[in-house]
Amino acid sequence: MSDIDVKPGQRESATFDRNTIHEIQRAATTGIYDIRGFGAKRKLPNFDDLLFLGASMSRYPLEGYREKCATDVTLGDRFASKPLHLQTPITIAGMSFGALSANAKEALGRGASEVGTSTTTGDGGMTPEERDQSRHLVYQYLPSRYGMNPDDLRKADAIEVVLGQGAKPGGGGMLLGQKITERVAGMRTLPVGIDQRSACRHPDWTGPDDLAIKIEELREITDWEKPIYIKIGASRTYYDVKLAVKAGADVIVLDGMQGGTAATQEVFIEHVGIPTLAAIPQAVQALQEMDMHRKVQLIVSGGIRNGADVAKAMALGADAVAIGTAALVALGCNDPKWDADYRKLGTAAGFYDDYHEGRDPAGISTQDPALSSRLDPVAAGHRLANYLRVLTMEAQTLARACGKSHLQHLEPEDLVALNVEAAAMARVPLAGTGWIPGQGTY
Amino acid sequence: MKTVDLNTSTVRELNQALHDQAKQCDEREWLVTHPAGTHALACGLDQNISVDIEGHAGYYCAGMNQKATVTVHGNAGQGLAENMMSGVVRVTGDASQSAGATGHGGLLVVEGNASARCGISMKGIDIVVKGSVGHMSAFMGQAGRLVVCGDAGDALGDSLYEVRIYVKGEVASLGADCIEKEMREEHIAELSELLQKAAIDEDPKTFRRYGSARQLYHFKVDNASAY
C-alpha cells in the first residue's frame with residue numbers, strides 16, 4: 001500500500017484486496033457482470049518457467065549467423081489437396097471484423113503477408129480488405145455463422161472450425177451495441193446497435209461423430225482442396241484432440257487460457273480453461289498415441305509474446321503458433337502515444353482492456369470512423385511484419401544454440417523447468433535434476 | 001437429363017460433377033438414384049440446375065445451396081439445406097434436426113415434419129413446413145420467415161431476433177422473448193405468397209404470427225431471469 005497515504009500498520013487484505021472490493025462495489029451498483037477484452041491477467045505457469053539447454057560438449061550448436069535454421073511449415077497436408085506452406089510458423093489468430101476495425105484487419109493481413117504467414121477471419125465474416133491483403137487467409141467457421149457463405153469459403157485458403165477459444169472454453173461470443181454499426185450489422189444480419197450474443201454451440205451438429213460428417217460436407221463443398229483446422233480452447237485437451245483427429249481435422253489449433261478475447265465476462269476469462277503450458281503436452285501425447293504427431297499439425301496460441309515462447313512451444317511439440325494479443329500490440333494497441341486519451345477513459349497505456357466499448361484510442365478495437373482512421377493499415381502492417389521477423393529470428397537463435405537446423409527439430413529434451421509446477425505441466429525435468437513430477441523418474 | 005447412380009458412383013464424383021457445372025452449365029437436369037441416406041449430397045451447388053434425389057438423403061443435403069433446385073424424394077437427415085443462400089430445396093418426406101440452419105436466403109419446403117431446431121439461427125431463408133416442427137425451432141433466428149402448418153414444439157423462437165414465424169396449429173410453448181403478434185393484412189399477404197411459392201394449400205387467415213418482443217436486445221439487469 002506504499003502508493004496510498006495511510007497510517008502505519010494499516011494492512012490490505014490478501015483476500016479482499018482493492019480490486020476485489022472494487023468489483024464487489026461495481027457489481028452491487030450495476031447489477032451486471034464485468035465484461036472486458038484481453039486475456040487472463042492472473043499470474044499463471046507459463047513459458048518463462050522453462051529454460052533451454054544450449055549445446056556445449058554433448059550437443060553441437062549451429063553457427064548463429066552462418067548456418068541455416070529453417071522456419072517454414074506446411075499445414076494441412078493430411079487430406080487437403082492444397083495445404084498451406086508458410087515461411088514462418090508464427091501465424092495470426094482469428095479476430096473478427098466487428099471486434100476490430102477494418103483498418104486493423106487489413107493491417108493484420110498486410111503484416112502477415114509481408115513475412116509469408118497466415119491470418120485468420122473471426123466471428124463476423126470475411127472482409128474484402130482482409131482477403132485482398134492476406135496471402136494466406138484462414139476462414140473461421142463459428143457457431144454463429146455470421147457472414148458465412150460458400151463464396152468466401154471457396155476464397156479461403158483454409159477453414160477453421162471453431163469449437164472454443166482459450167479465453168472462454170464453453171462460452172459464446174458477444175459484441176456490444178456500441179460496435180454494431182451498419183456495416184457490422186449488415187455482415188452479421190443483425191439489427192444495428194443491439195448487444196449481440198453469439199451461440200456457444202454449433203447449430204447443426206452436436207458431437208464428434210456429427211462433426212466428422214460436418215467436415216466431410218465442408219470438404220465436399222470445397223472439393224477437398226482446403227485444409228480443415230479445428231480450434232479448441234484448452235480444457236480437456238487430451239480427449240478433445242483425440243476426438244478432433246478422429247473427426248478428420250488436418251490441423252488442431254489449441255488456444256490456452258492466456259488467449260485473448262474482444263469481449264468476455266471477467267469471471268470466464270480468469271476462471272475457465274488451463275494454461276497453454278499445461279495443454280501442449282496433453283495435445284502432443286494424444287497425437288503421438290494416434291501416430292498423428294506431425295501428420296495432423298498442432299498450432300498453439302495463448303500468451304505467445306517473444307521468440308523464446310515460440311521456440312518453447314515448438315520444442316514441446318507444436319508445429320506452429322498463433323498470436324492475437326501480441327499482434328494487436330504490434331499494430332499499436334496500448335501505445336503510450338495515446339496515453340492522454342487512455343487517461344480520459346480511466347485507464348492508461350499498458351492497462352487498456354475495454355475492447356468491447358469500442359472507444360479504443362489506438363483505432364484497433366473500435367468501429368468509430370474517427371478513431372479507426374488513427375490506424376494507418378500500411379504502417380501498422382509493417383510494424384507487425386517487423387515484430388513477426390523478430391520473433392522468428394529470436395526462435396532461430398535459440399534453435400541454433402540447441403543445434404537445430406529447423407525450428408521443428410526442437411524437442412522436449414532441449415528444455416528444463418524452473419519450478420515444480422512448470423515441470424509437471426510441461427513434462428520436462430526440473431532444472432538440475434532428471435525429475436519430471438508425476439513420471440516417477442529421478 | 002443426367003443420371004448418377006450412387007450404387008456405382010461416389011458422393012465425391014457426384015458433387016464434383018455438379019460443381020463443374022458452375023464453370024459451364026452443360027446439363028441442367030440431374031437425377032441421383034440409390035442415395036441410401038448418404039451424407040453431403042448435392043452440397044455447395046452454385047448454378048441454376050435441378051437435382052432430383054430419388055430416395056432418402058443423409059446429413060447436410062444441399063448444404064450452402066446457391067441458385068439450384070434440389071428435391072429429395074424421401075426423408076432428409078440433419079442440417080438439410082444448412083446455410084442455404086438461394087434457390088429451392090424441397091423434401092417430400094420428413095427432415096431431421098436443424099433443417100435450414102443459418103440459411104441466408106432461398107426457400108426450403110418440408111412436405112412432412114421437421115424435427116428440433118428447424119430454422120436455428122436462420123438469417124434470411126424462408127422455410128415452409130407442411131407438418132409440425134420440433135422444439136427450439138427458429139432459435140436465435142435473425143431474419144427470414146418460418147411457416148409451420150402443423151404444430152410447433154417447446155420454446156419456439158427462443159431468443160429471437162427478427163424472424164417472422166407463422167403457425168397454424170398448437171404451439172407447445174414460446175421461448176424467451178418470443179411473443180404472439182397481431183396478424184395484419186400485410187402478414188396475410190406475405191404468408192399467402194409464401195404458401196403459394198411452396199405449393200402448399202392452406203388458408204393464411206388460419207395462422208397466427210409470432211416474433212421477437214425485442215426485450216433481450218441489450219444486456220440489462222432486468223433481464224437476468226431470461227439469461
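This is a predicted model: local features need pLDDT of at least 70, side-chain atom pairs count only at pLDDT 80 or more; totals for chains, interfaces and linings use all residues.
Residues are numbered from 1 along each chain as its sequence is written, and chains are lettered from A and ligands numbered from 1 in the order in which they are written.

Helix α6 covers residues 208–221 of chain A and helix α7 covers residues 237–247 of chain A. Helices here are DSSP runs of H or I with at least four residues, strands are runs of E with at least two, and both are numbered from the N terminus. The two axes come within 8 Å and cross at roughly 40°; axes are lines fitted to C-alpha atoms, for helices over the stretch in contact, and angles run from 0 to 180 degrees between N-to-C directions. The pair α6(A) and α7(A) is therefore oblique, since under 35 degrees counts as roughly parallel, over 145 as roughly antiparallel, 65 to 115 as roughly perpendicular and the rest as oblique.

So who meets whom? On the α6(A) side there are A:Pro208, A:Leu211, A:Ala212 and A:Ile215, and they meet A:Leu243, A:Lys246 and A:Ala247 in α7(A). Contact is a matter of C-beta atoms, placed from the backbone, lying within 7 Å. The residues of this contact split into six nonpolar, no polar and one charged. Nonpolar takes in Ala, Val, Leu, Ile, Met, Phe, Trp, Tyr, Cys and Pro, charged takes in Asp, Glu, Lys and Arg, and the others, Gly among them, are polar.

Helix α6(A) turns up again where the chains touch. That contact takes 22 residues from chain A and 37 residues from chain B. On the chain A side, α6(A) gives the most, with five residues. By class, the chain A side has ten nonpolar, five polar and seven charged residues.

Also in chain A, helix α10 (residues 307–315) is mostly covered, with eight of its nine residues buried. Buried takes 20 or more other C-beta atoms within 10 Å of a residue's own, exposed takes 12 or fewer, and partly exposed is in between, with C-beta atoms placed from the backbone. Among the buried ones are A:Asp309, A:Lys312 and A:Met314. After α10(A) comes A:Gly317, whose phi is positive, near 125°.

Over in chain B, eleven strands form an open sheet with mixed pairing, in the order β1-β2-β3-β4-β5-β6-β7-β8-β9-β11-β10. Strands β1 (2–5) and β10 (178–181) of chain B stand at the edges with a single partner strand each, so one side of each has no neighbour in the sheet. From one strand to the next, the twist averages 15°. Pairing needs at least two DSSP bridges between two strands. Strands β6 (residues 107–110) and β7 (residues 123–129) of chain B pair in the parallel sense over four bridges, with B:Val109 opposite B:Val128.

B:Arg90 sits in strand β5 of chain B and counts as buried because it has 22 C-beta neighbours inside 10 Å. Leaving out residues up to four places away in sequence, B:Arg90 touches B:Thr71 and B:Val109. By contrast, B:Cys25 lies in the loop between α1 and β2 of chain B and has 11 such neighbours, so B:Cys25 counts as exposed.

Key. Two residues are in contact if their C-beta atoms, placed from the backbone, lie within 7 Å.
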